[in-house]
Amino acid sequence: MAKVKNFFKKVGLWFKNHAPSKRRLIQLYAALLVNANLKGYITGKIYTGNLKNLCSPGLNCYSCPGASFACPLGALQDSMAQTNDRAAFYIIGILALFGLTLARTICGFLCPVGLGQELLYKIKTPKLKKSRYTRVLSFFKYVLLAVMVIAIPLIYHGIPAFCKYVCPAGTFEGAGGLLANSNNAGFFAMLGNLFTWKFCLLVFFMVGSIFVYRFFCRFFCPLGAIYGFFNKWALIGVKLDEDKCVDCGMCIQTCKMDIRHVGDHECINCGECVSVCPTQAISWKGSKIFVKGAQLSPAPVAATTAPLAAVLENGSASSQPSVEEEDTAPIKVFPEEETAPVVSELVAHSKTSAEAVLESVTVEPQPEATAESASPEASAPAKAKRRFRGDRSFWLRFSAWAAAVVVLIAALVYYNFIDVQSGGIVYKVGDRCPDITLQVYQSNGAYDKDGNAIKEFSTMESRGTVTVINFWYTTCDPCVAELPYFEKVRAEFGDQIIMVAVHSATAMPKGGAEGVQSFINSNGWNNYGILFAQDTEEVACYNMLGGSGAYPTTAIIDKNGHIAYFMDGPVEEDELRNEIAKLL
């Protein structure tokens, strides 16, 4: 019987030592909340409802099938690229609101990419600890912020450079999430050199995160760089009481980020330094719900002065890791040649001012307890007051977690059952093509046999002739690559077919329709006999004919107006020629 009890005691102790911390629970909660559109992983569709206009606090790709909000970094680049050099006041205001309230607490608690890096770092391998070199490299994210997030989108309109060329969240959540779904088989045809580059970067970031704590976050994340500017003024985060601080360096040693002092622009406000400070000089500003009660209440004098005396005497202090967080053990930060002068200075200082420092943290001796003060009647109000404070703290924490659970359940129900985006009627191969009318662009194809300008394209008016409809947009490399041989095939069949290149409604370049026309002219396509037209969100021609998000997409309509062929992704020249020939 004793062995059984001992076994269960060991099991309980294991679960206690390996239980996730409150911070880890909040990270998991935030990751699920900002990816609440779980049905997107099943359907392979991106959520595009009204709530997608709101931004999540952390880095989370807009194109992730589960994403319920937009990414603030992607929204910033897109807004600067599309607003004709005007300040993107909406997204700048959102980032300022997040920064002034939470700042890099978002990195430490709410960012899914940060959570992923921390989980990778838990893999048992030798670790590269921080040093003066990693501290210098930590400024590289500010270079990426200035060049990839601000300069390139402003100079080369329509290019969200960081999202397009660097962001690992876009590769893992967006491309990976969409390609993993069998409904998006056509997406593989869109993969090219750019995807290969970004996939190699993703592998680089993931491998780096195994050996370096928050590898991407520390050296490459522009969103963390933005929030770092607000760290000093944020309402919630860690703060340092300089009057209590004795410069022992325990906070710097414990922190795995490249901070110079508590709460600076590199601090992610994870709170690991709170429990290791021997003088309790570090505390939380803002809500008390996120941390343990032991980290908020002042420690007894004996528990405070003993570590302090050890620091003054030995120049260092030891601290047991927290049970709730496995990776809070102090790590060595500086080489011995850097720490030796500091230790010597502390020891010298302790000989002259140790008494003064100890006096500053020691309470006055209390008068001896009398029989009256020791009576149960006298101590009852004090006990009741302590009990009330404990009950209030419990109910505050309980209410916070209950409200969080309710919000999460409501989000899951809303995104997966209430806000159902049907997208209207979708026509498949064999169905009669509906009547679609679109505005056209200027080109040689926009004139009839008599030389009259064609203002609109109508599928109703094109009946009796085989019609090829190709969906494309200006920054789609496979789209741009295939249109020249589409023109070649059109010229071969002449008046027997009508070929229409329909620009996407959701990927408009800077300047809208004028930007599309400029792109057509710059490539010499205005000399083509292809008829160029523009899809709109109201008509939604692409969705109506079965487009799933892959570009280019091609549909062929026979002489009787029925959809005879549909292809997600590029079409080979010979295949296009053969499919047209079958219908003539």
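## Packing of helices H2 and H7

Helix H2 crosses helix H7 in a left-handed manner (left-handed if the near helix is turned anticlockwise from the far one by less than a right angle, right-handed if clockwise). The model is predicted, with local features needing pLDDT of at least 70 and side-chain atom pairs counting only at pLDDT 80 or more, while totals for chains, interfaces and linings use all residues. Residues are numbered from 1 along each chain as its sequence is written, and side-chain values use heavy atoms, without hydrogens and water.

The axes of H2 (residues 22–33) and H7 (residues 112–121) come within 9 Å and cross at roughly 130 degrees. From H2, Arg 23, Arg 24, Gln 27, Leu 28 and Ala 31 meet Pro 112, Leu 115, Glu 118 and Leu 119 of H7, contact being heavy atoms within 4.5 Å. This contact of H2 with H7 comprises five nonpolar, one polar and three charged residues.

## The disulfide

One disulfide is counted, defined as a pair of cysteine sulfur atoms within 2.5 Å. The bond links Cys 476 and Cys 479, with an S to S distance of 2.3 Å. Its S-S torsion is about 75 degrees, so the disulfide is right-handed. Cys 476 is buried at 3% relative accessibility, and Cys 479 is buried at 0% (buried: under 20% relative accessible area; exposed: over 50%; partly exposed: in between; 1.4 Å probe, protein chains only).

## Cysteines without a bond

Cys 167 is in no disulfide, the nearest cysteine sulfur, that of Cys 163, being 5.5 Å away. Cys 167 is buried, at 6% relative accessible area. For Cys 255, the closest cysteine sulfur, in Cys 270, is 5.9 Å away, too far for a bond; Cys 255 is buried at 13%.

Key:
Axes are lines fitted to C-alpha atoms, for helices over the stretch in contact, and angles run from 0 to 180 degrees between N-to-C directions. Helices (H or I, at least four residues) and strands (E, at least two) are DSSP runs, numbered from the N terminus. Ala, Val, Leu, Ile, Met, Phe, Trp, Tyr, Cys and Pro count as nonpolar, Asp, Glu, Lys and Arg as charged, and the others, Gly among them, as polar.
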